[in-house]
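Thanks for coming. I will go through one structure today, starting with charged pairs and then moving to the packing inside.

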Amino acid sequence: MPAPGTLEGEADPDHGRRPDHEIDFCRKFLLELGADLLSGGLSVHDVEEMLRGVGAALGAHDVVVAGTPTGLFVAMGADDSTGFRPVGAGQRFEQTADTLEVMHAVRRNELGCPDALAQLQVIRSRPAPWPAWVADLGALPVGVGLCLFLQPALANVLIAAVASLLIAGTTAAARRWPSMRPLVPVAAAFSVSVVVLLATEAGWMQGPLRTIVAVLAVLLPGTLLVTGLSEIAAGALQAGTARLTAGAAQLVLFLTGVLAAVAVTDAPMSVLNNTAVARQGGWAIVIGLVIAVAGLNMNLYVPLHAVVSITAVVAITAATQLGVQHFYGPGFGGLAGAVAAAGAAALAHRLPGGPSWQVAYLPAFWVLVPGSFGLLNTAGIGSGSGAPAILTAVFAVVGVSVGTLIGAPFSRLGLRAD
């Protein structure tokens, strides 16, 4: 027997039509579900596919869905009226995780649309599991961990810790005064770069560029760029173009902040050369990875029950990416890492009590994109200057995007497991 609120209810005796209240409930649920998932950062084509799958589980096999990064249209059939729902403020990661669990419950016919709608409302109103200032301070272990990975010299790591506190302060100020949010990329890049460049001029450290990028990594728009390319490749041209444009604009703002700091400190442009002052050892990679992932868990509000699974997926992703990248470059490293992340996330989802596929995959995806571990080393800071550096960065982004598309079938396997 279908769950309450599905579309398999009593039909109208005159026209064979399902009751309007059931259709309205299910259309509203799909709109709310899709808008929440989009606000959680999932790609448009993934959300559209999920909603069509949920619609089929509800008995509506011809659901029409059209999404953008800012809004969602849903109709329960070709002849049904279309509903629209704007995408609201970004959901926290643990809210997105709970939203995905509601979606899986509906697919398994464990929840009807009215109850699922009520649960979505509870998830939206639920307070964060820890204070916002604690999440902001997650930038500190992320910056320190990445600096251990990129520039494992004691002085650089200490300066990265100090500069990371500026990132935490900037994000806290933007939350308190929303009008400041457009200025976050410039303000963060400028303040961090000034601190690092002044420390370099004082002779306390060398190789400032890697330290600057390590500290800024938590804010860099790599996810926007890779998700945009993936959406374009999947046919969601409007959404992909919008994300690419937004990501490119943010990169320009970050670059503006760094260059302004160079001008203010009167430092030569040569300070931005890609200079490694300490050799990376296995200990630096492992410790840096552990510290940065801990900070990521704090910053993203990762559910505590999913920390072990997410850490394991990130470790597999990083190991695969670094191994392949060492021999074949950042593009192939990102591609292999994305496929490995998708497979590991699917395995974690199938384990007893495992998190949803997307919950296990998204943090690993953050590790892959430019502004993270392996790709920062080659794409984010380049292997030189000018055209070669730009081509290296582009190839790295494309590699992760292609790997994400190749790994997408793993998510479908996870959904079929429900």
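Asp98 is partly exposed, with a relative accessible area of 23%; partly exposed is the range between buried, under 20% relative accessible area, and exposed, over 50%, with a 1.4 Å probe and protein chains only. Its salt-bridge partner is Arg126, and the closest N and O atoms of Arg126 and Asp98 are 2.4 Å apart. I call it a salt bridge when a side-chain nitrogen of Lys or Arg is within 4 Å of a carboxyl oxygen of Asp or Glu. The pair links distant parts of the chain, 28 residues apart: Asp98 sits in helix α3 (residues 93–107), Arg126 in the loop between α4 and α5. Helices here are DSSP runs of H or I with at least four residues, strands are runs of E with at least two, and both are numbered from the N terminus. Arg126 is also partly exposed, at 34%.

A word on where this comes from. This is a predicted model, in which local features need pLDDT of at least 70 and side-chain atom pairs count only at pLDDT 80 or more, while totals for chains, interfaces and linings use all residues. Residues are numbered from 1 along each chain as its sequence is written, and side-chain values use heavy atoms, with hydrogens and water left out.

Back to the charges. By the salt-bridge rule the count comes to 10. Which side chain does Arg124 meet in a salt bridge? The partner is Asp36, at 3.1 Å, N to O. This pair, too, links distant parts of the chain, with Arg124 in helix α4 (residues 113–125) and Asp36 in helix α1, 88 residues apart. Asp36 counts as buried because its relative accessibility is 5%, and Arg124 counts as partly exposed because its value is 26%.

Arg27 is buried, at 11%, whereas Asp24 is partly exposed, at 39%.

Now the packing. In general, nonpolar side chains in soluble globular proteins tend to be buried together. A nonpolar core, as I use it, is a set of buried Ala, Val, Leu, Ile, Met, Phe, Trp, Tyr and Cys residues joined through side-chain atoms within 4.5 Å. The largest such core has 60 residues, and Phe29 and Val74 have the most contacts inside it. Helix α1 (residues 20–39) gives the most to this core, with eight residues. Apart from it lies another core, of 37 residues, among them Ala189, Met205, Ile212 and Val215.

Contact means heavy atoms within 4.5 Å. Leaving out residues up to four places away in sequence, Val74 touches several residues, including Arg27, Leu30, Leu31 and Leu51.

Next is helix α7, residues 154–176. The 23 residues of α7 reach 34 Å from first C-alpha to last, close to the 33 Å expected at 1.5 Å a residue; the expected span is 1.5 Å times one less than the number of residues. The buried residues of α7 pack against α5 (132–136), α6 (139–150), α8 (184–201) and α9 (208–216). One of those buried residues is Ser164. Buried or exposed, what is the relative accessible area of Ser164? Ser164 is buried, at 0%. Not counting residues up to four places away in sequence, Ser164 touches Ala139, Leu140, Gly143, Val144 and Val215.

Val215 is one of the buried residues of α9. Nine of the nine residues of α9 are buried, so α9 is largely enclosed by the rest of the structure.

Two items from the loops. Leu137, in the loop between α5 and α6, counts as partly exposed at 31%. Arg279, in the loop between α11 (237–265) and α12 (282–300), is exposed, at 79%. The C-alpha atoms of Arg279 and Gln151 are separated by 7.8 Å, although the two residues are 128 residues apart along the chain.

Finally, the overall numbers. The protein has 17 helices and three strands. Of its 418 residues, 53% are buried. Among contacts with a separation of 6 or more, 70% are between residues 24 or more positions apart.
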